[in-house]
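I opened this notebook to record what I looked up in the structure. The entries follow in the order in which I made them.

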2 protein chains.
Amino acid sequence: MPVTIQDVAREAGVSVSTVSRALASPEMVREATRLHVVETANRLGYRPNRAARGLITGKTGNLGVIVPDLSNPFFPAVLKGVQSQARGADYAVFLADCDENGAEEAALVQAMAKQVDGVILCSSRMSPSQLERTIGTTSLVFINRSVRDQPVVVMDVAGGMRQAVDHLAALGHRRIAYLQGPRASWSNQQRRRGLRHAGRRGMAAAELGPFAPTFEGGLHAADLALAEGITAIVAYNDLMALGVLARLADRGVKVPAEVSVLGFDDIPMASMATPSLTTVAMQNGKAGRAAVDLLVNLISGAAAGELRRELECQLIVRASTAPPAHVRH
Amino acid sequence: MPVTIQDVAREAGVSVSTVSRALASPEMVREATRLHVVETANRLGYRPNRAARGLITGKTGNLGVIVPDLSNPFFPAVLKGVQSQARGADYAVFLADCDENGAEEAALVQAMAKQVDGVILCSSRMSPSQLERTIGTTSLVFINRSVRDQPVVVMDVAGGMRQAVDHLAALGHRRIAYLQGPRASWSNQQRRRGLRHAGRRGMAAAELGPFAPTFEGGLHAADLALAEGITAIVAYNDLMALGVLARLADRGVKVPAEVSVLGFDDIPMASMATPSLTTVAMQNGKAGRAAVDLLVNLISGAAAGELRRELECQLIVRASTAPPAHVRH
DNA sequence: ACCGATTTTGCAAACGATTTCAGAGTTTCA
DNA sequence: TGAAACTCTGAAATCGTTTGCAAAATCGGT
């Protein structure tokens, strides 16, 4: 039923090779025949079968993306960038969700390998040994995880944390708490690295947790943070920060009058919360697009391709941060 | 580099046909050779090339999903269901985002057609004529759009609206407003259909809008709704409802004391808002899974497959709805 | 009008699987 | 022991493309 290159060839009165060339390498056929072939192809509505082509060229024209959890709004945002950039480069996208499971993630890469030219791994959950076994099966690009000798797109989370720290220091805070996310997470490590900046600003920073990087995790963490006698709370991500806001509201603690709260990610919810949440924005879409660029370069064998793309983070100051009570004017 | 069926055959000392049979139709080969083949296949790490297989079988083992906008949290939730069910049925998933554009959506189906066994269209934005041209290119299943003679998974949105109406009526409301979403949206039509139930409950329902189905749309709509002298506002979706909440808070209108607010979708944000939002929950994940089931049935030629799957909606009562002031006890 | 150089085209072999068909082995039973 | 009836296995065709190589067509120059 679907129209093949054979059909076009027969209809146009030329051989299949000519059709193939007319469409793929126009300079190899006479202009007149090219026009004729292209016209019949369009008329019949011919679309080449990419799988068949891939069989012989070794390139599928597809790429894969694996995310840990689609219900975390962070990932759809990245995905959206991947989508649009991939479409622009004429690639189709395979998607898989590994449910925060490293083993599953590794298995998915294996399963995809034959059908794609490369895979983008967002915040990969693989253990080092899983990683080692996976590298080499297909081209890989990592987002928000730094892997030796592999192309990566990372966000300068540490820099973002330093901005947050500077902001709080400038407001006059002296004791702050950082609520950790998953201990093994690269992102969490980076935030902690940035947090060391607090010392240079004359602030004491308590590290609490780890907590679940969710709204519930924030509810849980809020009380522990308050007990530390701090005036500002920096949460691992916005979901947690929103949980903190909710819990503080329940306990009658005024934000930002008594305690400032700060998150990471700038998810859409952050600006809608009351008070609206000061947060470190990530360029998710841009990260997705950059990853596609890296991957496409890698595939096309451009050895000159850069291996590391670093994206800036940006502190967005909203209503949840203010000077602490004792310096209030 | 990748290991093919040839490699396995050579290593095992049998023909490729035998390898193929040993793996695909175990009953056709002697148990001893089957074991031997399977063992060598595993040892070499053989994974069949699905594209090559698809070429001859006519089945790709892939399916496609097209969503209007990944940044609307509604769709990742559906996608998650699609993902898990597809994996269970041994299908890989192609994803595309059509940016709310019907023409783009149609083009994407065309582009995917050759690489998938079928496509799931979430809240399709195609015009009737685009639809007509698209139907037939590949197997289709629609989610949340009712299309004549095509398999669909729909949510009983009208029923959900009736639950909402009953809830408000029971609380004693007499005048309510419905804030419309996109006029052309099937979902919006269904909500309006359900809204007619208000009359039977002795309530007057004003239909306002259409408004953008976003937070900003809610900000915009809130003032208009208040001007109608109502005691309850039903928004097209949660994003809008959150916008309404924010605007009412700004204007010092107490929710739910003075006005009740109600949304649709039960996005994660809904339970985190203050006050937490009463809303009509959709079974997004289940819809995704049901769509995969329908599609798989369709593909495997089960003519007996049902064509319409309807999922219940469920009103979730939270803190944003209460009796109106004049009946407060 | 013819020759050689230069396009332009077609044939056929791949790519990695599945599947039909027929041949080779193995049983079963007279 | 031999024929008939199975059970297993392998050779080869096939799916829809691309591409190396050789044949055919075109062209320029005499």
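**Surface near the DNA**

A residue is near a strand here if its C-beta atom, placed from the backbone, lies within 6 Å of it. Of the 25 residues around DNA strand D, Ile5(A), Ser17(A), Ser20(A), Asn49(A) and Val29(B) come nearest. I noted that helices H2 (16–24) and H4 (50–57) of chain A, and helices H2 (16–24) and H4 (50–57) of chain B, each supply at least two residues of this surface. Helices (H or I, at least four residues) and strands (E, at least two) are DSSP runs, numbered from the N terminus.

**Basis of the entries**

This is a predicted model, in which local features need pLDDT of at least 70, side-chain atom pairs count only at pLDDT 80 or more, and totals for chains, interfaces and linings use all residues. Residues are numbered from 1 along each chain as its sequence is written, while chains are lettered from A and ligands numbered from 1 in the order in which they are written.

**Sheet of chain A**

I traced an open sheet of 6 strands in chain A, with the order E7-E6-E8-E9-E10-E12 and mixed pairing. Its edge strands are E7 (204–208) and E12 (314–316) of chain A, each of which pairs on one side only. Two strands pair if DSSP finds at least two bridges between them. I found strand E10 (residues 278–281) of chain A paired with E12(A) in the antiparallel sense over 3 bridges. Within this pair, Thr279(A) stands opposite Ile316(A) in E12(A).

**Val261(A)**

I located Val261(A) in strand E9 of chain A. Val261(A) counts as buried because it has 29 C-beta neighbours inside 10 Å; the cut-off for buried is 20 or more other C-beta atoms within 10 Å of its own, with C-beta atoms placed from the backbone. Leaving out residues up to four places away in sequence, I listed its contacts as Ile233(A), Ala241(A), Val244(A), Leu245(A), Val255(A), Leu277(A) and Ser320(A). Contact requires C-beta atoms, placed from the backbone, to lie within 7 Å.

**Relation of the chains**

I laid chain A on chain B with an RMSD of 0.1 Å by a turn of 180° and a shift of 0.1 Å along the axis. The two copies are thus related as by a two-fold rotation axis. Superposition is by least squares on the C-alpha atoms of residues with pLDDT of at least 70 in both copies.

How values were computed
A residue is buried if 20 or more other C-beta atoms lie within 10 Å of its own, exposed if 12 or fewer, and partly exposed in between; C-beta atoms are placed from the backbone. Two residues are in contact if their C-beta atoms, placed from the backbone, lie within 7 Å.
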